[in-house]
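Student: I've got a structure open on my screen and I'd like to talk through its side chains. Could we take it a bit at a time?

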Amino acid sequence: MLISAGDQIHGYKVVEYKDIVFGVASSSEGGGFRQIALKKMAEAATKLGATAVINFKMEIYPLTGSVQEATAYGNAVIADPLEGTISHQDRHQVKLEAYMPKAKAAESLIGKLQTAGDYMFVVCPKCGTKYKVETNEKGELHIKGFNDVDDDEPGLQIFCLRCGTKFTVPE
Ligand SMILES: [Zn+2]
């Protein structure tokens with residue numbers, strides 16, 4: 001299975017688009033969970049009759065405690081080798097490290113705060129879903145049922161329930 005983070009594969013021509021494929025694995029499955037997620041994604045692509053996955057991405061989300069979840073996804077396609085290029089067999093090894101997300105590599109999106117009467121809302125910058133924001137005793141903003149998903153970034157980060165976008169709740 002050829003896997004590319006770009007929308008082309010060098011030496012190949014994308015001749016047919018199949019579907020988006022996903023592979024999800026949790027670190028509770030062991031230290032190789034990123035590879036497991038990648039393998040599951042590749043298996044899903046194979047089931048569709050695809051020979052390659054383009055626009056490949058991997059995201060690592062914290063679940064609970066130290067447990068993380070890896071989601072590998074991309075567009076399953078049929079890619080035919082261009083003439084005079086090396087074969088699938090020579091290229092099927094994927095250097096997964098090249099695609100390893102640095103946890104902070106994701107773009108930093110910031111939600112907009114809106115007030116309506118006594119209520120304050122933060123609006124998802126991608127899809128516009130509103131979340132009610134409350135202030136705790138320390139004057140920090142929080143949203144009921146949401147934990148900060150990114151301790152490495154200042155402020156409160158949440159994942160939008162509707163579109164999955166991670167964004168920062170502005171102070
Ligand atoms: Zn959203």
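Student: Is Cys 124 buried or exposed?

Tutor: Keep in mind that this is a predicted model. The cut-off for buried is under 20% relative accessible area. Cys 124 comes in at 2%, so the word for this residue is buried.

Student: And what about Cys 127, what does that one count as?

Tutor: Cys 127 has a relative accessibility of 26%. Between the 20% and 50% cut-offs there's a middle class, so Cys 127 counts as partly exposed.

Student: Which residues are the protein donors of the zinc ion?

Tutor: Look for SG atoms lying 2.2 to 2.3 Å from the zinc ion. In sequence, the donor residues are spaced C-x2-C-x32-C-x2-C.

Student: What is the geometry of the site of the zinc ion?

Tutor: Ideal angles for four tetrahedral donors are 109.5 degrees. Here the angles among the four donor atoms run from 105 to 111 degrees. Four donors count as tetrahedral if all angles lie between 85 and 135 degrees, so the site of the zinc ion is tetrahedral.

Student: Let's move on to the rings. How are the planes of Tyr 61 and Phe 159 arranged?

Tutor: The structure holds four aromatic pairs, and Tyr 61 with Phe 159 is one of them, at 4.2 Å centre to centre. The angle between the planes is 35 degrees. Stacked needs under 30 degrees and edge-to-face over 60, so this pair is tilted.

Student: How many residues apart in sequence are the parts that this pair ties together?

Tutor: Tyr 61 sits in strand β3 (residues 52-62), and Phe 159 in strand β10 (residues 156-159). As for accessibility, Tyr 61 is partly exposed at 23%, while Phe 159 counts as buried at 18%. The parts tied together by the pair are 98 residues apart.

Student: Now the charged pairs. What distance separates the closest N and O atoms of Lys 18 and Glu 16?

Tutor: Side chains of opposite charge can pair when their charged atoms come close. The structure holds four salt bridges, and Lys 18 with Glu 16 makes one of them. Lys 18 is partly exposed at 33%, and Glu 16 is partly exposed at 35%. Their closest N and O atoms are 3.1 Å apart.

Student: Where do Glu 29 and Lys 40 lie?

Tutor: Their side chains meet in a salt bridge, 3.7 Å from N to O. The pair ties together parts that are eleven residues apart in sequence. Glu 29 lies in the loop between β2 (12-26) and α1 (33-47), and Lys 40 in helix α1.

Student: By what helical spacing are Lys 39 and Glu 43 separated, and why?

Tutor: These two side chains meet in a salt bridge at 3.6 Å, N to O. Lys 39 is exposed at 55%, whereas Glu 43 counts as partly exposed at 40%. Because they are four residues apart in helix α1, the separation is about one helical turn.

Terms used
Residues numbered from 1 in each chain as written. Predicted model: local features only at pLDDT ≥ 70, side-chain atom pairs only at ≥ 80, totals over all residues. Heavy atoms only, no water. Phe/Tyr/Trp six-rings, centres within 6.5 Å; stacked < 30°, edge-to-face > 60°. Helix = DSSP H or I, 4+ residues; strand = E, 2+ residues; numbered from the N terminus. Buried < 20%, exposed > 50% of the residue type's maximum accessible area, 1.4 Å probe, protein only. Donors = N, O, S within 2.8 Å, 3.2 Å for Na, K, Ca; no water. Tetrahedral: all angles 85-135°; square planar, octahedral: opposite > 155°, others 65-115°.
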